[in-house]
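Here are my notes for your read-through, written point by point. Keep the model open beside you and look up each residue as you go.

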Amino acid sequence: MKKHNKTFSYWFKDTIFADENAFETLRKLADGPKRNVITWQGYDINKYSFYTKAQDKKSTMQNSGVTLRAESQHFASVHDDNPCVASIPNFGFIDEIWELNYVKFTICVFKCKWVDNNIGVRTDDVGFMLVDLKKLAYQKNPFIMAE
């Protein structure tokens, strides 16, 4: 994973620029964003407002919580040939909002802090999901695309 993270951008750039039929959008992505990143405390996307956790502390409106539903294949055992797809919710909050500028377009990403599903999420007696935002994990993958 470390090697992949260190080499992917170089591989991506080399692969895209070697293909003369590559779309312009892919060329802009492969070239990378401008070096200076604009950060925001709040951001509107598709008529929804998102805030950072720091901004939430100043406001009566709470919009820093995020949920990401991840799907993966699971096997009952090493001898199982029939995987089932499981959907696992991940909970967290927006720590920073970054706007990446690729000259022809911008992309907004949220830098999030994620709760450890094993110790920070439980269901109470009535069936409500309780999330403890102080029990964090998954710090190596903080970014999600904002939508």
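1. Helices (H or I, at least four residues) and strands (E, at least two) are DSSP runs, numbered from the N terminus. With that in hand, look at strand β4 (residues 65-74), which pairs with β5 in the antiparallel sense over 10 bridges. Within this pairing, Thr 67 sits opposite Phe 91 of β5.

2. A word on where this comes from: the model is predicted, so local features need pLDDT of at least 70 and side-chain atom pairs count only at pLDDT 80 or more, while totals for chains, interfaces and linings use all residues. Residues are numbered from 1 along each chain as its sequence is written, and side-chain values use heavy atoms, with hydrogens and water left out.

3. Strand β1 (residues 38-40) is joined to β5 by three bridges, and the two run antiparallel. Here Thr 39 faces Trp 98. Strand β6 (residues 106-115) also runs antiparallel to β5, with nine bridges between them. Phe 93 has Lys 113 in β6 as its bridge partner. The hairpin of β5 and β6 has four residues between the strands, and there Val 103 takes a positive phi near 70 degrees.

4. Now for charges. Side chains of opposite charge can pair when their charged atoms come close. A salt bridge here is a side-chain nitrogen of Lys or Arg within 4 Å of a carboxyl oxygen of Asp or Glu, and the count comes to four. In one of them, Glu 24 meets Lys 104, with the closest N and O atoms 3.7 Å apart. This pair links distant parts of the chain: Glu 24 is in helix α2 (residues 24-31) and Lys 104 is in the loop between β5 and β6, 80 residues apart.

5. How open are these side chains? Buried means under 20% relative accessible area, exposed over 50%, and partly exposed in between (1.4 Å probe, protein chains only). Glu 24 is partly exposed at 46%, whereas Lys 104 is exposed at 59%.

6. Lys 113 turns up again in a salt bridge with Asp 95, where the closest N and O atoms are 4.0 Å apart. The two belong to distant parts of the chain, with Lys 113 in strand β6 and Asp 95 in strand β5, 18 residues apart. Lys 113 is partly exposed at 36%, and Asp 95 is partly exposed at 28%.

7. Asp 132 and Lys 135 form another salt bridge, 3.9 Å from N to O.

8. Last, the cysteines. How many disulfides does the structure hold? It holds zero, a disulfide being a pair of cysteine sulfur atoms within 2.5 Å. The sulfur of Cys 108 is 10 Å from the closest cysteine sulfur, in Cys 112, so that is too far for a bond. Cys 108 is buried at 8% relative accessible area, and Cys 112 is buried at 5%.

Terms used: Two strands pair if DSSP finds at least two bridges between them.
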